Amino acid sequence: MNCDKTKVMHIRQKSSPCSDRVFKMGNTTIEYTPRYRYLGLTISETLEYNECVNELITASSRALGALSSKYFLVDGFDYETYTKLFTSTVVPIMDYASGVWGYKPYDNIERLQYRAIRTFMGVGKCSPIPAICGDMGWTPAYIRRQCNMIRLWHRITSMHVGRIPNRIFQWDSTLSEKYKKTWYNELKSVMEKCELLELFNNNYTNGLSVKFIANYSELLLRQKHHDKWKLDIMNMPKLRTFRCLETNFETQQYITTNMTRQQRSTLARMRCGTFPLELELGRYRGIPSNRRFCKVCNDKVSVEDEKHFLVKCPLYLCERNNAFADFQQRNNIDFSVLSDDEILIKLLTTDCKLVSNYIFNISKIRTQLLSHCDI
Ligand SMILES: [Zn+2]
């Protein structure tokens with residue numbers, strides 16, 4: 001044994017002091033260490049994983065940086081390619097060994113995933129998180145990790161009873177009667193949420209494959225997440241237009257349609273309420289929301305919101321007539337029987353390429369008109 005490379009770690013609760021027992025090899029005293037790195041995972045003496053999570057975040061952030069720079073280099077991938085690259089280059093680092101440490105929520109991991117979504121959608125840092133995550137439809141990182149815990153349980157349960165992981169699991173289950181903060185108890189609450197408590201209590205997989213159980217759990221956890229997400233959408237003022245679209249937490253059509261980065265970004269910002277219209281810009285200047293009037297038609301009555309800009313403002317009439325005629329014909333929709341609100345919803349959910357080009361064109365006119373006003 002190499003005394004320089006040998007250390008002692010006393011695993012204990014934060015409140016208990018470190019043991020003062022002296023370990024010796026021959027005459028050499030073996031030192032205590034507060035952490036130990038094993039198979040790429042830093043294990044601390046209090047079995048808290050914050051340090052290890054921070055290391056994983058640094059590494060996955062680097063991987064995401066590499067992915068983003070490739071994304072910009074080729075001026076955007078389509079959704080499938082981007083998702084495939086994200087799940088095969090960033091997720092494995094982000095979720096590394098998360099079957100062990102993944103129970104607790106870690107905001108900074110979720111934030112990394114938001115960053116990946118923002119890059120793809122071409123939206124800024126101020127975009128409302130619920131809207132962009134909902135449109136992208138990726139499974140939140142915390143759900144992936146909880147499914148990984150169930151995967152690990154499946155592996156342990158399928159093992160021969162005499163094997164060490166299985167014996168540790170049994171030991172943890174006995175400890176869990178006395179202590180609350182154990183992996184066994186964390187797993188139990190996840191499996192309860194996934195309605196798998198019967199399997200958990202009997203400690204058998206009932207012949208179900210790991211893939212089946214993991215997919216099933218992901219589905220249930222996503223449904224629960226969906227309910228919470230709906231409430232978030234309801235409570236954000238910025239999402240006035242997004243709310244009306246009545247979408248679900250699933251990948252939207254404009255995300256999967258093969259568009260340029262610019263087209264996708266235009267539509268995404270319009271849906272999320274961050275497109276630079278007076279209603280959004282006036283907020284930064286402290287103008288009350290009912291007085292953020294359209295400066296283009298300058299009628300001092302119409303607030304420039306998404307509906308005014310896309311459906312009503314008379315200054316874009318020519319562009320609008322052309323685009324609307326095209327839109328109605330291609331999608332077999334008759335605008336004359338619809339209200340302005342219904343037209344807005346149709347525009348933001350159908351024929352995304354055409355609509356995105358329309359938005360791009362009229363916003364160019366808007367910029368021109370406003371620059372004249374300034375002069
Ligand atoms: Zn106007």
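Visitor: Where is Leu-39 found?

Guide: Leu-39 sits in the loop between β3 (35-38) and β4 (41-44). Strands here are DSSP runs of E with at least two residues, helices are runs of H or I with at least four, and both are numbered from the N terminus. Please keep in mind that this is a predicted model, where local features need pLDDT of at least 70 and side-chain atom pairs count only at pLDDT 80 or more, while totals for chains, interfaces and linings use all residues. Residues are numbered from 1 along each chain as its sequence is written.

Visitor: Why does Leu-39 count as exposed?

Guide: Count the other C-beta atoms, placed from the backbone, within 10 Å: 20 or more means buried, 12 or fewer exposed, and anything in between partly exposed. Leu-39 has 7 such neighbours, so it counts as exposed.

Visitor: What makes the phi of Leu-39 worth a look?

Guide: Its phi is positive, about 50°, although Leu-39 is not a glycine. Most residues other than glycine have a negative phi. Asp-351 is another example, with a positive phi near 45°, and it lies in the loop between α18 (340-349) and α19 (352-374).

Visitor: Why is α7 described as roughly perpendicular to α9?

Guide: Helix α7 (residues 141-157) and helix α9 (residues 183-193) pack at about 110°, with axes 10 Å apart. The axes are lines fitted to C-alpha atoms over the stretch in contact, and angles between N-to-C directions run from 0 to 180 degrees. Under 35 degrees counts as roughly parallel, over 145 as roughly antiparallel, 65 to 115 as roughly perpendicular and the rest as oblique. That makes α7 roughly perpendicular to α9.

Visitor: Which residues make that contact?

Guide: Gln-146, Met-149, Ile-150 and Trp-153 of α7 meet Leu-187, Val-190 and Met-191 of α9. Two residues are in contact if their C-beta atoms, placed from the backbone, lie within 7 Å. By class, there are six nonpolar, one polar and no charged residues. Ala, Val, Leu, Ile, Met, Phe, Trp, Tyr, Cys and Pro count as nonpolar, Asp, Glu, Lys and Arg as charged, and the others, Gly among them, as polar.

Visitor: Why is α5 roughly perpendicular to α6?

Guide: Helix α5 (residues 107-121) and helix α6 (residues 129-136) pack at about 75°, so α5 is roughly perpendicular to α6. Among the residues in contact are Ile-117 of α5 and Ile-132 of α6.

Visitor: Which residues have the most contacts inside the largest nonpolar core?

Guide: They are Ile-117, Ile-132 and Ile-150, in a core of 71 residues. Such a core is a set of buried Ala, Val, Leu, Ile, Met, Phe, Trp, Tyr and Cys residues joined through C-beta atoms within 7 Å. Helix α7 gives the largest share, eight residues.
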